[in-house]
Amino acid sequence: MKRTLKFSPLLLIILLLNFSCSKDDDIQINLKDLKVTVDENPANGQVLGQVQTDNNSSLSFSITTQTPAGALAIEKKTGKLTVADAILFDFETNPTITATVSAEGAQNTAKITINLNNLKELTTEDFSVTIDENPINGDTIGIVQATSDGTVSYSLLSQTPEGALNINTSTGELTVADATLFDFEVNPVITAIISVDNSGNTQNVTATINLTDVNEVSLQDFTTTIDENPVNGQSLGVVQVTGGEALIFNITSQTPNGALSINANTGELTVVDATLFDFEINPVITATISVDNSGSMQHLTATINLTNINEVSIQDFTATIDENPANGQSLGIVQATGDGTLSFSITSQTPGGALSINASTGELTVADATLFDYETNPAITATVTVDNAGNTESADVTINLTNVNELSIQQFNTTIDENSTNGSVLGTVQTNGIGILSFSIASQTPAGALSINASTGELTIADATLFDFETNPTITANISVSNSEGIETAIATVNLNDVNEIGEFKYGGVIFWLDPSDISHGLVCTVSDFPIIGGWGCQGTNIAGAIGTEIGQGQANTTAILAECATAGIAADIASNSTSGGYSDWFLPSKDALQEMHTHRATINNTAVLNGGSNLASGVFYWSSSQNDSNTAWLIYFDNNGAAFFLNKGTAGSNIKMRAVRAF
């Protein structure tokens, strides 16, 4: 049997209601965080966004917290966020604004983050000022005020009347551009629209300049023409003014500065500094003059044109020189200036004839040097005139002379042979001076060589041993001469001639004999001996040309020997072939010459050794060139006595020596 289940309508409704209520109790509502970015400086009431829920439920919203406080507002029913206090939306102060939003029935709170964009900010103020009419061009009116975080530039967009104002593009300073437009009767108010720009952020401000009507006077610019070079205090004229009462005049600027002055009550202009009234420097002098009319200021221009005149000026001349100048000596140039060609002349002088002057240049020179004597004319004076095309000026010339010590001494120079004798007169030191002169040797090199007569200045040899060319080729001394006026010094120089002396190393050897009649001639010997192998030579042969024994016959003897005896290695051959000392004219000495060598053997030995040679041997024989007979020739035995011997011409051995000689 089928059963049918039936529901009553009432039961169905109850079931549905129960199900629906159970489902509503399980719904969860969540708030979503809100994060937006806006420019700083919004307007109050500006919408920033809306707090969203996850199921778009209608709730009741409120701000739980916010930083900074009071910045935000929220619509309770919609969750729409708006600006509550715009001044808090400043990037520099609050770059981020935060809040916490809650809603009735919501499971959570929403975090609100408002990030601000930094903007270029600019604030400006309209400009308004009141000034007196009739300012002057360039007067400052004021500065347009603007603040910004960047660079601000200013420009005039428009102005009424046109051209009245200027503005500094960097500072915003307003100045008078055309003072004629600042006339209360024509333009009681001057206006302008000014653009202020901050990197593209631009605002316009209005500038208003209200003019005050002043009691005006009529001014005329002042112009006059005068000759250059006026005098201080000279009147130039009176500034012409009509109208007004109790006017006050003042010079606000002038070129050149300090040239003019003005009477504050009458407006009379006068010269203050006449030196500035020079056509060549300032052909025109100008000034700006203010006229104060009970606080109302007006300005006019004064112009003084200078006329160029023919000018000449000359300066006094003073110089100080030593007495006793030379004729023609320049004393200096008289300084003068003028516009044209200048001509100089001496109109008077004391003493007469002392000076001359170049007519074209003004150069003063000595005309008569004898007048420039301190003892006679300690000061020389003159009057000099300079002429500039008929315009003349004069100046005083003063030449002061300095008294000088007129004592003088000449340098002393002489040349003498060395080896003079003590007391020999060298000469007299020449001097010039007044009064008693006294001579002395202040110093000398070598010391003690010279002496001087204190009264006459005669120089003589004090120590002849110092007059040796080889040791002191030049002898010098400082000589002083004094008188009542002072002291002067000079140098005495004695140059020595080198003369030939026994024992000197010259002409290739050692001098051992000098010609008594002319010591520029004599004989020298080599510094060393020559070994003899073949003896004298020509044993058994009579050589008639070799018998000379006197000094000076050795060369002829040697020539004769070599002509008769050609044997190599004999004494004459060795001597004639010697190149000792760079000479090739050596020969055997004669007997008497060899005897002279023996006499000076000690001196010869000293010089020979010093010049790389050797001593003359002692206890040996030295060949001469003098033949005794066909089998023998003369020798000198070098011991204390130096006796002469003759031996066979062929004699040779270690005790037989030879030393060559040559003549000079």
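Lys 506, at 16% relative accessibility, counts as buried, where buried means under 20% relative accessible area, exposed over 50% and partly exposed in between, with a 1.4 Å probe and protein chains only. The model is a predicted one, in which local features need pLDDT of at least 70 and side-chain atom pairs count only at pLDDT 80 or more, while totals for chains, interfaces and linings use all residues. Residues are numbered from 1 along each chain as its sequence is written, and side-chain values use heavy atoms, with hydrogens and water left out.

The partner of Lys 506 is Asp 498, and the closest N and O atoms of this salt bridge are 3.5 Å apart; the term stands for a side-chain nitrogen of Lys or Arg within 4 Å of a carboxyl oxygen of Asp or Glu. Asp 498 is partly exposed, at 33% relative accessibility. By this rule the count comes to four salt bridges, and one of them joins the side chains of Arg 662 and Asp 585 at 2.7 Å, N to O. Because Arg 662 lies in strand 52 (residues 661-663) and Asp 585 in the loop between helix 3 and helix 4 (591-599), this pair ties together parts that are 77 residues apart in sequence; helices (H or I, at least four residues) and strands (E, at least two) are DSSP runs, numbered from the N terminus. Arg 662 is buried, with a relative accessible area of 7%, whereas Asp 585 is partly exposed at 33%. A further salt bridge links the side chains of Lys 591 and Asp 592 at 3.8 Å, N to O; here Lys 591 is buried at 17% and Asp 592 is partly exposed at 28%.

Leaving aside its neighbours within four places in sequence, Ile 561 is in contact (heavy atoms within 4.5 Å) with residues including Trp 536, Ile 543, Ala 572 and Ser 625.

Elsewhere in the chain, UniProt (unreviewed entry) places "domain: Cadherin" at residues 30-127, 123-232 and 313-412. Over residues 313-412 the chain is 0% helix and 55% strand, with the end C-alpha atoms 53 Å apart.

Conventions: UniProt positions renumbered as here; feature names shortened; annotations may be inferred.
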